[in-house]
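Colleague: Could you take me through the model, with the cut-offs behind each term?

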Amino acid sequence: MDDDPMIGTLLASMLETLGHNVCAIAATEAAAVAYAAQHKPSLMIVDVWLGVGSGLTAMTQILQYGFIPHLFMSGNITKVRLQRPDAVLLEKPFKEPALIHAIQMAINRSPAP
């Protein structure tokens, strides 16, 4: 999910090139929660600051229904790290190797007990 349509489209294209299927791009917290319930993705890449709402709050809601591997991306990961010290973070701007590494970290992370 990303509130900037251009970034969302570029990220989706990059993910598809890497062999992933992109089921939705959400620009708001409400859309992210709805799409996650509808599509039940195997991975979520979440922009922390959305057009309306927060990616952090969206993931809190989504995770109430079960664990989905996820990572947060932001231009300022310092603030995010304070709120979610154990989160997988990807700082914007990023290059493909950093995205690949963050995806692997998110997928390998198991849900909290």
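Modeller: Buried means under 20% relative accessible area, exposed over 50%, and partly exposed in between, with a 1.4 Å probe and protein chains only. The model is predicted, so local features need pLDDT of at least 70 and side-chain atom pairs pLDDT 80 or more, whereas totals for chains, interfaces and linings use all residues. Residues are numbered from 1 along each chain as its sequence is written, and side-chain values use heavy atoms, leaving out hydrogens and water.

Colleague: Which residues of α1 are buried?

Modeller: Helices here are DSSP runs of H or I with at least four residues, and strands are runs of E with at least two, numbered from the N terminus. In α1 the buried residues are Gly8, Leu11, Ala12 and Leu15. They lie on the same side of α1 because their arc around the axis, taken from the directions from the helix axis to the C-beta atoms, is only 105°.

Colleague: What covers the buried residues of α1?

Modeller: The face turned away from the buried side of α1 carries the exposed Met6, Thr9, Leu10 and Thr17. With contact taken as heavy atoms within 4.5 Å, the cover of the buried residues includes β1 (44–47), β2 (70–74) and α5 (96–108).

Colleague: How far apart are the end C-alpha atoms of helix α1?

Modeller: The expected span is 1.5 Å times one less than the number of residues. For the 13 residues of α1 (residues 5–17) this gives 18 Å, and the separation in the model agrees, at 18 Å.
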